[in-house]
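Have a look at the model first, then we'll go through what lines them.

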Amino acid sequence: MLSTLTTAQNRFPKPDFESGYQYPDHYYPVPNETLWTAIDILLLAGMMSVVAWAVLKQRTRKPIIWISILSVAYFGFFRSGCVCSIGAIQNVSLALADPGYVMPVSVLLFFILPILFAFLFGRVFCAGVCPLGALQELVNVKNYRLSKALTTVLGMIPWIYLILAILYAVTRSSFIICRFDPFIGIFRLGGDLSFLIFGVLLLIAAIFTGRPFCRFLCPYGALLSLFSRVSVRKPTLTSHSCINCELCHNACPVDAIMPPYGNQVKESRAEGVRRLIKYFIILPVMIVAGAFLMRAASDELSRGHKDVRLYDRVVEQETNPQDILSIDLEAFYGQGGTIEALTEKVEKIQNDFKQYGTVAGALIGLVIGITLIGLSVKRTRKTYDINEANLCKLCPLLQLLSAE
């Protein structure tokens, strides 16, 4: 071990400050980030207001298209995708779990404002203000309808993604939403090649089906869907009586229009009630099973934390010493780190993962159980109706309704 430390010290010799040389002072212009942050917040609120006005008052889509272009240009390319309500989930989660974490007020506003607008007017943020959704909408040409079974299964992913993002945030492991953002490479015109390819593939998919990222991946969209279900102002399909012409259903690219549904299987009310009771009995079992499985996997999940990964490397080095060390091992030994102190830190991290992972697993079980219950509920509808949770307020059907 002593030879290892000597090698590390020789590789990085201390700089010589005895020559008397005076380094010149350099001054670099620093952008006024406070001003840009204020502009970001004002634009966010203003653009969502325009979308709400266009949908609920004017019933027209044209202003939203211009909002989408502005969002992609400003929030996307100019601000490099970093002004992000989606990523703010992690900051808010960490601030709630760790009183020592100081969250900027601007981040809190970017998290709160779209939720407030969703409660008042529905998911206007998703309509054209979010640069990720706007980019997908602008490239959309054709909408091939996916099967209900497929969309139901894929629709659980945003909730699971949201739960895992919160888990890794509260354990100070990683901000996985920012780390795995598929469009950040496009907005920054570079970055990790694998995620850049993934973002391009999502955009190609968005050409042929409505907003695949928003519907099947976005964790913030899942959160907004809760508030849009109880929004104060709800859109209507038509100001007249619905005649089941199917125009709205065929035009909507995000499956937000529910078709009429009769008692097609001729099931009695008693049979339906018994089936639902069975699901509600199974639901606690799924919650417990999810909690147990996530707790059992907590040690593996904890390897997402850099200190746990470092611990694994240190143990390997202690067991099988190598002459050439990685940078993180050189830093660890060079700073006088001990395996005892690192072990104590890692045990705390793993305990946190056990605690929070158990809750996360229970929530995942709850999501799966509620999805199954939702599939089994067969409400009779005589006409087409809106599913507020899925409605992104940008449906082409607005062009049809604006003529009324």
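Arg123, Phe125, Cys126, Cys130, Gly133, Arg211, Cys214, Cys218 and Gly221 line the largest cavity. A cavity here is a set of points on a 1 Å grid over the protein atoms alone where a 1.4 Å probe fits but cannot get out, and lining residues have an atom within 4 Å of a point. This is a predicted model, where local features need pLDDT of at least 70 and side-chain atom pairs 80 or more, while totals for chains, interfaces and linings use all residues. Residues are numbered from 1 along each chain as its sequence is written, and side-chain values use heavy atoms, leaving out hydrogens and water.

The whole structure turns up three cavities of 30 Å³ or more. The second largest pocket (a pocket is an open set with protein on both sides within 12 Å along at least five of seven lines) has 27 lining residues, with Gly81, Cys82, Val83, Cys84 and Ala88 nearest its centre.

| Space | Volume | Lining residues by class |
|---|---|---|
| Largest cavity | about 60 Å³ | five nonpolar, two polar, two charged |
| Second largest pocket | about 450 Å³ | 17 nonpolar, five polar, five charged |

Volumes are the space filled by probe spheres set on the grid points. Cys counts as nonpolar, Arg as charged and Gly as polar.
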